[in-house]
Amino acid sequence: MGLSKEARKRQLNSVTEVVELLGRHGHVTTRQLSVVSNKIAERVPLTMPQAAKMDALMKNAESRVFSAEDIEAALDSSEVQEKCMNRVLYRVGEWVFPRSMLSDYKSYIYAYRCWPPPLFSPTVIALCICIYILAPYEQFVDYGIRPCNAKYVYPYFTNMFFHSSLPHLISNLVILALCSIKELVHHYRIITIFILSGIGSSLIYVIFARDDIPSIGMSGAIYGLLAIHISDIFLNWSEMPFRFVRLLIIFGFLISVNYDLIFGGASVYDSRISHFAHFGGFFFGLPLGVVFLKNLQVREYDVVARTSCAILLPVLFLVAIGMNVFQAVHVCGTVQDPLIPPKNTLISG
């Protein structure tokens with residue numbers, strides 16, 4: 001049986017205490033591992049996989065010194081997990097999260113055995129699929145965001161859950177599913193960032209809209225979730241493994257999906273894709289990540305960055321809202337409000 005969350009915390013705390021008691025300068029030797037293992041087990045019994053892992057360390061290490069972090073990693077590694085799903089998630093966590101966050105990430109899995117899962121992302125995925133299948137086309141127009149219904153509040157939120165085509169739906173949901181691993185650590189913060197990034201993308205779309213054409217889709221919110229990976233790397237720069245590789249992957253993806261716009265000479269107004277909504281979600285996602293994401297080791301520059309973004313964000317939203325009011329009046333005064341525009345005029349946001 002696995003340890004509870006509280007038992008695991010006591011166990012990891014006991015590792016530090018035992019190493020400080022028996023070791024020298026925060027380290028113990030291979031010969032001391034047996035005593036260390038017994039001392040830890042006196043406080044919190046080791047699981048069978050944990051005991052086997054410690055035995056393997058004693059047998060395979062000829063002459064080494066171990067820190068408390070080394071022993072903690074052995075007692076809480078992917079190899080000691082009894083369920084296949086846990087082992088997979090631990091491996092993923094070692095790639096996705098900075099070292100200071102791995103303990104928090106693994107605590108969630110260790111305590112709840114992957115249940116409950118990150119519920120927000122599956123819920124949004126199911127909701128979008130149901131809306132795409134069941135909602136009549138007229139509601140796509142009513143609940144999409146466009147200048148002439150910007151006077152209402154709900155389109156800024158509801159447009160995220162409607163999609164113009166099956167490829168549009170699938171691409172957004174696949175990326176959302178890939179981003180859901182962050183929810184294991186940041187929990188409700190991901191919900192806040194997702195919604196605010198989506199609202200921010202809608203604000204930017206209306207500001208730059210030329211016609212009263214509805215924009216639907218959660219791409220803006222998805223771009224916000226991509227942006228918080230950059231914020232996470234910034235907040236945990238010194239601890240983030242493969243940080244340059246991560247940045248290369250993120251920017252490589254962004255360049256690939258916007259290749260025609262960047263290198264092909266395409267205009268942001270030429271296609272049925274709302275590039276402004278994408279930019280808006282990414283633009284708001286960066287400071288939202290700095291403000292809302294967990295940062296377990298706060299440094300001076302983190303405080304400055306978080307405070308600056310916390311002041312900047314309300315200003316950005318207020319300015320964007322004011323510009324939305326102006327743009328709505330301008331566009332609706334020059335074009336007629338279409339009742340049901342053709343489906344191929346919908347813009348994928």
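Colleague: What share of the contacts between residues at least 6 apart in sequence joins residues at least 24 apart?

Modeller: It is 78%. Contact here means heavy atoms within 4.5 Å. This is a predicted model, where local features need pLDDT of at least 70, side-chain atom pairs count only at pLDDT 80 or more, and totals for chains, interfaces and linings use all residues. Residues are numbered from 1 along each chain as its sequence is written, and side-chain values use heavy atoms, without hydrogens and water.

Colleague: How many helices and strands are there in the chain?

Modeller: The chain has 17 helices and four strands. Both are DSSP runs numbered from the N terminus: helices are H or I with at least four residues, strands are E with at least two.

Colleague: What makes Phe234 and Tyr301 an edge-to-face pair?

Modeller: Rings of Phe, Tyr and Trp (its six-membered ring) pair if their centres lie within 6.5 Å; planes under 30 degrees apart are stacked, over 60 edge-to-face, the rest tilted. By this rule there are ten aromatic pairs. For Phe234 and Tyr301 the centres are 5.6 Å apart and the planes 70° apart, therefore the pair is edge-to-face. Phe234 sits in helix H13 (residues 219–235) and Tyr301 in helix H17 (residues 300–332), 67 residues apart.

Colleague: Why is Phe234 called partly exposed?

Modeller: Buried means under 20% relative accessible area, exposed over 50%, partly exposed in between (1.4 Å probe, protein chains only). Phe234 has 37%, so the residue is partly exposed. Tyr301, at 35%, is partly exposed too.

Colleague: Why is the pair of Phe284 and Phe317 called tilted?

Modeller: The centres are 4.6 Å apart, and the planes make 35°, so the pair is neither stacked nor edge-to-face. Phe284 lies in helix H16 (residues 275–292) and Phe317 in helix H17, so the pair ties together parts 33 residues apart in sequence.

Colleague: Are Phe284 and Phe317 buried or exposed?

Modeller: Phe284 has a relative accessibility of 1% and is buried. Phe317, at 15%, is buried as well. Buried residues make up 49% of the 349 residues in the chain.

Colleague: Which residues make the nonpolar surface patch of about 510 Å²?

Modeller: Phe251, Ile255, Tyr259, Ile262 and Phe263 make the patch. Helix H14 (243–257) and helix H15 (259–262) each supply at least two residues of the patch.

Technical notes. Patches are made of residues with over 30% relative accessible area and no salt bridge: like charges are joined within 9 Å, nonpolar side chains (Val, Leu, Ile, Met, Phe, Trp, Tyr) within 5 Å. Accessible areas come from the Shrake-Rupley method with a 1.4 Å probe; for residues, only the protein chains shown count as cover. A salt bridge is a side-chain nitrogen of Lys or Arg within 4 Å of a carboxyl oxygen of Asp or Glu.
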